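Work through the exercises below with the model open. Each task is followed by its solution.

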Amino acid sequence: MTDDKLTIAGIEFNSRLWVGTGKYKDFEETRKAIEASGADVVTVAVRRVNIIEKGKENLLDHIDPKKYKILPNTAGCYTAKDAIRTAMLAADAGITNLVKLEVIGDEKTLFPDNEATLEAAKVLVSEGLIVLPYTSDDPIMAKKLMDIGCPAVMPLAAPIGSGLGIRNPYNLRIILETVKVPIIVDAGVGTASDVALAMELGCDAVLLNTAIAGAKNPIVMAEAMKYGVLAGRLAYKAGRIPKKLYATASSPLDGMIGA
C-alpha cells in the first residue's frame, strides 16, 4: 500500500486514517494512541488545546510537528465569523495553512450549520487556506463546497461522538459519484468495522477521535482502526463480488465426470 498515497492540494499523506487529540486522559496517552494508529495527520481544536501560545503547555511539545501534519480545526465555533477568526489565528501562528472547518449549528446534536460553513469556507479559501470542511452527508452541499475551492470534503457518518457508524451509506455513495475531490468521512464511527466500511465504499480517508479516545483501551483501539482502514481500502481496490439472493457453488460442476 506504499504506492497508494492520498494527495490533497498537492500535499501527500501516508495514512488514510486521520486522528484527533481530544478526550484523552493526558498528553502521554494521546501520543501513544497516535503512534499506534499509524496516522500522520493529527487534528487539534484551536479553541480547546494550545498549539499557538508559547510559554504555556503546548500539545506540540508532545507531538512532533516534523513527524505529523497538524490540522487545526475550528471545533466549538457556532458562527461563520467565529470560525473564520479561529482559523486565521491558527494560520497566523505559522504552523500550517491547512484547516478543518467546523461551524456547529446545534449544541445538542452537534450537526454542522451547512450555510455558515459554506460562508466561512468562501472567505478562508480566498485567504489562501487549504480548507477541509466538516459537513452533513448532503450531496448538494458537498458539491457546493467543492465548487468554491475546497480540495476535499468531510461528510459525517453520524453525529459527533455517537459511535453509530455510517447511518446513510447511500448519500455517501452519491457524494462519491458526484464530488470530484477526496472524501474524508468525519464523525460518528465507533469501531474498526465502521472505518473498513467507509473505505470499502470508496472514501479516501477517515477522521476520528472519540472512537479511540473513549475506548476501554485507546492504544489497542488505535491499532485496530489502522488495520480497519487498510483492510477496507484493500477490499475496495480489489473489487468485491456482487451480492446475490441465492447461493453459487464455489466449485463449479463444469468438466466433472457425469456432469
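Buried means under 20% relative accessible area, exposed over 50%, and partly exposed in between (1.4 Å probe, protein chains only). This is a predicted model: local features need pLDDT of at least 70, side-chain atom pairs count only at pLDDT 80 or more, and totals for chains, interfaces and linings use all residues. Residues are numbered from 1 along each chain as its sequence is written, and side-chain values use heavy atoms, with hydrogens and water left out.

**Exercise 1. Is S37 buried or exposed, and what does it touch**?

Solution. Locate S37 in helix α1. Its relative accessibility is 1%, so S37 is buried. Next, list contacts (heavy atoms within 4.5 Å). Beyond its neighbours within four places in sequence, S37 touches L17, V19, A222 and K226. Finally, check polar atoms: one in the S37 side chain lies 2.7 Å from the backbone oxygen of I34.

**Exercise 2. Find the buried side of helix α5 and its packing partners**.

Solution. In α5 (residues 169-178), the residues P169, L172, I175 and L176 are buried. They cover an arc of only 115° around the axis, so they lie on the same side of α5. The arc is taken from the directions from the helix axis to the C-beta atoms. Y170 and E177 are exposed on the face turned away from that side. The buried residues pack against α4 (139-147), β8 (154-155), β9 (184-186) and α6 (192-201).

**Exercise 3. Which residues have the most contacts inside the largest nonpolar core**?

Solution. A nonpolar core is a set of buried Ala, Val, Leu, Ile, Met, Phe, Trp, Tyr and Cys residues joined through side-chain atoms within 4.5 Å. The largest has 61 residues, and L208, I212 and M225 have the most contacts inside it. A second, separate core of 14 residues includes F13, V41, L71 and M154.

Technical notes: Helix = DSSP H or I, 4+ residues; strand = E, 2+ residues; numbered from the N terminus. Polar contact = N/O pair within 3.5 Å; in protein donor to acceptor, adjacent residues only side chain to side chain.
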